[in-house]
Amino acid sequence: TTTALSTMAQQVIKPVVLNKAFLSAANETKQKLVNLPHNQQVARLYRNGLKTLASWAIDRELFLDEATKMRARFDANRGISGSNASRILLEGQQELQDNTHPDPYVCAYMPGGTLYMRNPPLPIYVCFPEGT
C-alpha cells in the first residue's frame with residue numbers, strides 16, 4: 001500500500017481547461033459591477049459610516065454626538081466640483097475601511113446574530129414521515 005500511495009503522490013493532477021465556447025458563455029452571464037452615480041455612492045458611504053459608528057459607540061449619546069459631527073463633515077463638502085468630489089469620496093471610503101470594527105454589531109435575528117437559527121425549522125421528513 002505504501003508503493004500505491006507513493007505512485008499516487010507522484011501523479012500530477014492537471015486542471016481542467018475550459019473550452020472557448022464555455023468561457024464566452026460564462027462571461028456573458030457573469031454579472032457586471034454597477035457603476036453607481038456619485039450621489040448614491042455618497043449616500044452609501046454615509047449609511048455605512050453610521051453603521052460602523054454604531055459598532056464603535058458605547059453609549060447612545062456618544063453615538064448621536066459623533067453622528068452629528070459626521071453629518072457636518074458631509075454637509076461641508078456638499079457643493080464641491082467633480083474632481084475634488086471623487087477624491088474626497090475615495091478618501092472617505094478609505095477612512096471607512098480603516099475604521100471598520102473588528103467585531104461589528106449584528107442584529108440578533110440576522111446571520112451572525114445570537115438568535116439566528118436558534119430554533120431552526122424541523123426537517124421535512126420529521127414533519128411528514130409518510131412523505132409529502
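Buried means under 20% relative accessible area, exposed means over 50%, and partly exposed lies in between, computed with a 1.4 Å probe on protein chains only. By that scale Phe74 is partly exposed, with a relative accessible area of 23%.

The model is predicted: local features need pLDDT of at least 70, side-chain atom pairs count only at pLDDT 80 or more, and totals for chains, interfaces and linings use all residues. Residues are numbered from 1 along each chain as its sequence is written, and side-chain values use heavy atoms, with hydrogens and water left out.

**Overall make-up**

The protein has 6 helices and 0 strands, where helices (H or I, at least four residues) and strands (E, at least two) are DSSP runs numbered from the N terminus. Along the sequence the pattern reads α-α-α-α-α-α. Of the 132 residues, 13% count as buried. Contact means heavy atoms within 4.5 Å. Among the contacts with a separation of 6 or more, 52% are accounted for by residues 24 or more positions apart.

Two packed helices are described by the angle between their axes and the distance between the axes. Axes here are lines fitted to C-alpha atoms, for helices over the stretch in contact, and angles run from 0 to 180 degrees between N-to-C directions. Angles under 35 degrees count as roughly parallel, over 145 as roughly antiparallel, 65 to 115 as roughly perpendicular and the rest as oblique. A crossing is left-handed if the near helix is turned anticlockwise from the far one by less than a right angle, and right-handed if clockwise.

| Helix pair | Angle | Axis distance |
|---|---|---|
| Helix 3 and helix 5 | about 25 degrees | 10 Å |
| Helix 3 and helix 4 | roughly 160 degrees | within 10 Å |

Helix 3 (residues 38-56) and helix 5 (residues 82-98) are therefore roughly parallel to each other, and their crossing is left-handed. From helix 3, the contact uses His38, Gln41, Val42, Leu45, Asn48, Gly49 and Thr52, and from helix 5 it uses Ala85, Ser86, Leu89, Gly92, Gln93 and Leu96. These residues divide into 5 nonpolar, 8 polar and no charged. In this scheme Ala, Val, Leu, Ile, Met, Phe, Trp, Tyr, Cys and Pro count as nonpolar, Asp, Glu, Lys and Arg as charged, and the others, Gly among them, as polar.

His38 belongs to this contact and is partly exposed at 37% relative accessibility. Leaving aside residues up to four places away in sequence, His38 touches Ala85, Ser86 and Leu89. The C-alpha atoms of His38 and Ser86 are separated by 7.9 Å, while the two residues are 48 residues apart along the chain.

Helix 3 and helix 4 are roughly antiparallel to each other, and helix 3 passes helix 4 in a right-handed crossing. On the helix 3 side the meeting residues are Val42, Leu45, Tyr46, Gly49, Leu50, Leu53 and Ala54; on the helix 4 side they are Phe63, Glu66, Ala67, Met70, Arg71 and Phe74. This contact divides into 10 nonpolar, 1 polar and 2 charged residues.

Leu50 of helix 3 is partly exposed, with a relative accessible area of 22%. Beyond residues up to four places away in sequence, Leu50 touches Phe63, Ala67 and Met70. The C-alpha atoms of Leu50 and Glu66 are separated by 9.1 Å, with the residues 16 residues apart along the chain.

**The aromatic pair**

A pair of aromatic rings is described by the distance of the centres and the angle of the planes. Rings of Phe, Tyr and Trp (its six-membered ring) pair if their centres lie within 6.5 Å; planes under 30 degrees apart count as stacked, over 60 as edge-to-face and the rest as tilted. The structure holds 1 aromatic pair. Tyr46 and Phe74 form this edge-to-face pair, at 5.1 Å centre to centre and 75 degrees between the planes. The pair links distant parts of the chain, with Tyr46 in helix 3 and Phe74 in helix 4 (residues 60-76), 28 residues apart. Tyr46 counts as buried at 19% relative accessibility.

**A loop residue**

Met117 lies in the loop between helix 5 and helix 6 (124-127). Although not a glycine, Met117 has a positive phi of about 55 degrees. With 49% relative accessibility, Met117 counts as partly exposed.
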